[in-house]
Amino acid sequence: MWLVTGGAGYIGAHVVRHLQRSGRQVAVIDDLSTGVRAKVDAAVPFVHASVGDRDAVRQAIRDLGVTGVLHLAAKKAVGESVERPLWYWQENVGCLQVLLEEMADAGVQRFVYTSSAAVYGQPDSTALITEDSACRPINPYGATKLAGEWMTSATAERFGWSAMSLRYFNVAGAGADDLCDPGVFNLIPIVFRALDSNERPKIFGSDYPTPDGTCVRDYVHVDDLADAHVQACAYVEANPGAGNTILNIGTGRGSSVREVLEIVSAVTGRDASGEAVARRAGDPAQLVAAVNRATEVLGWHSSRDVTDMVDSAWRAWQLKAE
Ligand code: UFG
């Protein structure tokens, strides 16, 4: 039985469905602070609790016969992490400590951890980012994700676990019309909201050293990301005692803000060309993943492009708005 923490969230709900389709037994623990119960199949055992609730975690692991954990539950808003750093350390690191302790106590030895490209901070160059690139987070969110990787490595080493830390790049799209990203924190939903209110999308900076002057990111479809989780489970199942393996999860291809806006215009039939405004603090010019390690280790690679992401996200967004 795989326990998915944060399984009622945007990404977690996709992961749960993909794991079910792979034939695995799945249960969810989620405090529903941002998650939505209805996104999880009623047949999936559901524990309404925080991962920091030691008794609930212990009971869930024991009663459900958990043999592996995918830990997605976390706070993920960069700006909020700057406002409330200690809360981020509590939620992302304190709760993880409880979870790892309870897994160790119960002898659960398979772990998949959600990390982020935020661990890399502001890379010095615009080269592809490998897993061996320097990790210098520039905000508390990125710092907590990196600390979580360290905790995972040390625990996996100590207890002979097989673990995997997946560094997500820019996740977008929807795998089903009811699985829209409910938060409006990232470029694509922000642009949709601007279109809905007849405002021009804002382009944060047009003087970056990139081909069209706007920031380049590696957008990865949430369905591809969910597939990577299924592959990660298969890997830790097949390789006991392998320690913590760290993988970038992206496409290896960058898209500029302007390119994304052009695709939004084409998909929605509305003018999303946007207006350039000042740079946003802390944005690296380019952040694109080297993904060969994920392919070597998991046999995984992305198969959907930015048009698929915008198209699926737009359909889900319109349903959400109704
Ligand atoms: N952008 C705009 N206009 C907007 C919103 C965003 O031009 O209205 C630009 C940003 O400047 C950036 C790109 O669109 O260049 C993507 O921005 P997002 O806010 O969607 O994503 P980020 O790349 O800033 O951050 C994402 C995740 C973070 C994670 C980070 C890791 O949202 O959680 O990747 O690098 F920390």
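**Close-up views of a predicted model**

**View 1. An open three-strand sheet.** The strand order is β12-β9-β14, and the pairing is mixed. Strands here are DSSP runs (E, at least two residues), helices likewise (H or I, at least four), both numbered from the N terminus. Two strands pair if DSSP finds at least two bridges between them. β12 (255–256) and β14 (286–287) are the edge strands, each pairing on one side only.

This is a predicted model: local features need pLDDT of at least 70, side-chain atom pairs count only at pLDDT 80 or more, and totals for chains, interfaces and linings use all residues. Residues are numbered from 1 along each chain as its sequence is written, and side-chain values use heavy atoms, with hydrogens and water left out.

**View 2. Strand β9 beside β14.** β9 (residues 216–217) runs parallel to β14 over two bridges. V216 has Q286 of β14 as its bridge partner.

**View 3. The largest nonpolar core.** This core has 34 residues; I11, L19, L70, L166 and V171 touch the most other members. A nonpolar core is a set of buried Ala, Val, Leu, Ile, Met, Phe, Trp, Tyr and Cys residues joined through side-chain atoms within 4.5 Å. Buried means under 20% relative accessible area (1.4 Å probe, protein chains only). Elements that each supply at least two residues include β1 (2–5), α1 (10–21) and α7 (222–238). α7 gives the most, with eight residues.

**View 4. Around L70.** L70 touches, among them, W2, V15, L19, V112, H229 and C233, not counting residues up to four places away in sequence. Contact means heavy atoms within 4.5 Å.

**View 5. A second, separate core.** Its 26 residues include A172, C180, A313 and W317.

Terms used
Buried means under 20% relative accessible area, exposed over 50%, partly exposed in between (1.4 Å probe, protein chains only).
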